[in-house]
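Look over the model first, then read on.

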Amino acid sequence: MAEIIFNEVTVSYGDSPVLKDLTFVVEKEEFVIIMGPNGTGKTTLVKTLLGVKKPDKGLVYVLGCPVQKVCPHRKKIGYVPQFQSIDPDFPATLYDVVLTGSYANLGYVKLPGKEEKEEALRLIEEVGLKGMENHPFGRLSGGQQRRGLIARALMGSPRILVLDEPTAGVDLASQNQVRSTIQEIYKRTRIPVLLVTHDINPFLSLVTKIVLLGYGKHFVGGKEDIIREEILREVYGEYVRVIEVAGRKYVMTRDYHYA
Amino acid sequence: MLELFALSVIRKAFVASVLVGLLLPLVGNFALMTRTAFLGAGIAHIAFAGVAFGIMLSFSPLLGAFLFALLSVAFIWYAEKRNWITYDVGMSILFSFFMALAILFLGLTKQYSGEAMSYLFGSVLTVSTVDIILLFITVLLFSIFVGVFYKELFHIILSRDLALASGLPVDTFTFLMLLFMTISVVVSMKAVGALLVFGLLVMPSAAAYRLAFRFHRMILLSLVFGLISSIAGFFISLTLDIPSGAAIVIIAFLLLIISFIFSRK
Ligand SMILES: Nc1ncnc2c1ncn2[C@@H]1O[C@H](COP(=O)(O)OP(=O)(O)OP(=O)(O)O)[C@@H](O)[C@H]1O
Ligand SMILES: [Mg+2]
């Protein structure tokens with residue numbers, strides 16, 4: 001069975017459906033990009049996958065279990081939420097935040113032990129934040145916070161990694177670090193990755209599938225199917241271009257001054 | 001002054017002050033971090049309307065306070081959950097409506113009610129054994145709650161989103177925290193007064209927030225500040241013969257100023 005199955009899933013807020021009859025599967029070792037303009041339901045898709053938002057219709061299976069049931073497998077999803085600003089004075093260190101990644105697996109009452117604590121420190125090192133474990137989390141830069149949350153998501157060796165716009169609002173150099181952290185994790189663990197991003201070009205070589213969400217329509221397919229001007233223009237409008245340089249495709253917007 | 005402790009009324013007042021000095025700051029940490037602190041002020045005034053209601057109809061003012069406060073908070077929690085109103089707006093509306101009711105009830109009661117005033121301004125010397133037992137039980141239950149569910153509470157405070165995604169029943173925890181806040185405010189009213197409960201709820205944890213870089217340290221510091229405020233306030237009120245609720249809140253305020261000065265944040 002596939003790792004993730006969305007079967008004709010419709011999700012709405014109030015009366016207006018955000019996702020309508022969405023169907024896709026994610027197999028082992030897939031790297032899936034979820035893209036689309038603002039407000040087309042990317043975060044909603046992620047929340048439905050996590051079991052936080054209930055679909056009105058359709059079925060969602062994660063690791064063989066329907067998400068609306070209490071599934072032990074839900075704890076096996078590493079999740080990096082879309083950016084939320086955190087008070088710089090918030091009383092928690094990077095280490096405290098990363099350690100919360102073990103809470104779901106620990107369940108009630110049980111406290112993190114030596115194993116979880118060592119894992120937290122190892123993951124902090126893995127995402128390139130060694131030595132910063134005692135920094136107040138709110139004082140880290142946006143990019144460092146994102147990498148901290150990636151370390152948090154990796155606690156307890158998840159079987160799926162879901163990231164909601166991890167590079168949004170991060171400066172160029174930090175974007176690079178966040179990207180390479182994600183790429184390295186994928187190459188090392190080969191767990192399926194679902195990445196919500198507008199920043200697709202750097203990931204195109206890894207991508208196995210794309211879910212492209214538009215207003216009232218969506219497209220699912222491999223990158224040959226989706227990274228095409230006629231498809232992208234249906235969602236983003238006529239200024240989108242796909243260019244090929246040295247055998248690699250890039251998605252660009254045509255500057256309309258020259259149009 | 002210590003010879004006053006031979007009097008049971010003074011001993012009771014002291015015990016009540018210490019319990020309130022622990023309870024309100026402990027609850028305050030969670031109120032502050034979930035941005036529901038203003039609810040504390042509202043609850044106290046709604047509860048005061050319950051007190052006035054009880055006095056008007058000659059039944060237990062404390063019962064009236066519980067009734068009004070719990071019903072209002074349950075309503076606000078539900079309304080917020082259903083996205084009808086935010087906590088702030090909901091509480092602002094109920095706050096003023098119930099103050100109007102309180103004034104109405106007091107007006108209808110005709111005779112001057114010293115008892116109502118003792119709930120409004122606090123009167124630690126009128127605290128009964130029952131009040132102390134209620135306070136003690138609340139402190140005990142809330143401490144156990146925080147101790148047992150510290151991990152989960154921290155997770156929710158850090159991020160509702162992450163807590164939800166990890167499968168926590170966030171709404172239930174939010175409700176329990178509000179419930180404890182409501183009960184704590186009501187059982188503390190007699191000792192510090194409806195008008196001043198808010199001060200002891202917010203100031204020690206706000207001071208601790210300025211100084212602590214980790215949440216468990218913030219909690220410990222807020223308890224230290226709460227205890228200093230209530231014990232020092234109690235002795236100052238005895239010595240200078242001033243109302244103890246006022247003394248306690250003024251000390252808490254001074255500690256807050258000091259923590260701002262020494263803050264490395
Ligand atoms: N809690 C909510 N209540 C009501 N409507 C909501 C809620 N959350 C999202 N929506 C609506 O659902 C639609 C999809 O939102 P969603 O956050 O999933 O979009 P998105 O693709 O993640 O957008 P962005 O690129 O801005 O992150 C939007 O129109 C939004 O206004
Ligand atoms: Mg989003």
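Q: How far is an oxygen atom of ligand 1 from an N or O atom in the side chain of Gln82(A)?
A: The model is predicted; local features need pLDDT of at least 70, side-chain atom pairs pLDDT 80 or more, while totals for chains, interfaces and linings use all residues. Side-chain values use heavy atoms, without hydrogens and water. A polar contact to a ligand is a pair of N or O atoms within 3.5 Å. For the Gln82(A) side chain and the ligand 1 oxygen, the distance is 2.8 Å.

Q: What share of the accessible area of ligand 1 does the protein cover?
A: Accessible areas come from the Shrake-Rupley method with a 1.4 Å probe. On its own, ligand 1 has 640 Å². The protein covers 57%.

Q: Which backbone lies 2.8 Å from an oxygen atom of ligand 1?
A: Thr40(A) has a polar backbone atom 3.3 Å from a ligand 1 oxygen. The 2.8 Å distance belongs to a backbone N or O atom of Gly39(A).

Q: How much area do chain A and chain B bury between them?
A: Buried area is the accessible area (1.4 Å probe) lost by two parts on being put together, summed over both. Carbon and sulfur atoms hold 62% of it here. The total is about 2,500 Å².

Q: Which residue of chain B meets Asp89(A) in a salt bridge?
A: A salt bridge puts a side-chain nitrogen of Lys or Arg within 4 Å of a carboxyl oxygen of Asp or Glu. The count between chain A and chain B is three. In one of them, at 3.3 Å (N to O), the partner of Asp89(A) is Arg210(B).

Conventions: Residues numbered from 1 in each chain as written. Chains lettered and ligands numbered in written order. Polar contact = N/O pair within 3.5 Å; in protein donor to acceptor, adjacent residues only side chain to side chain.
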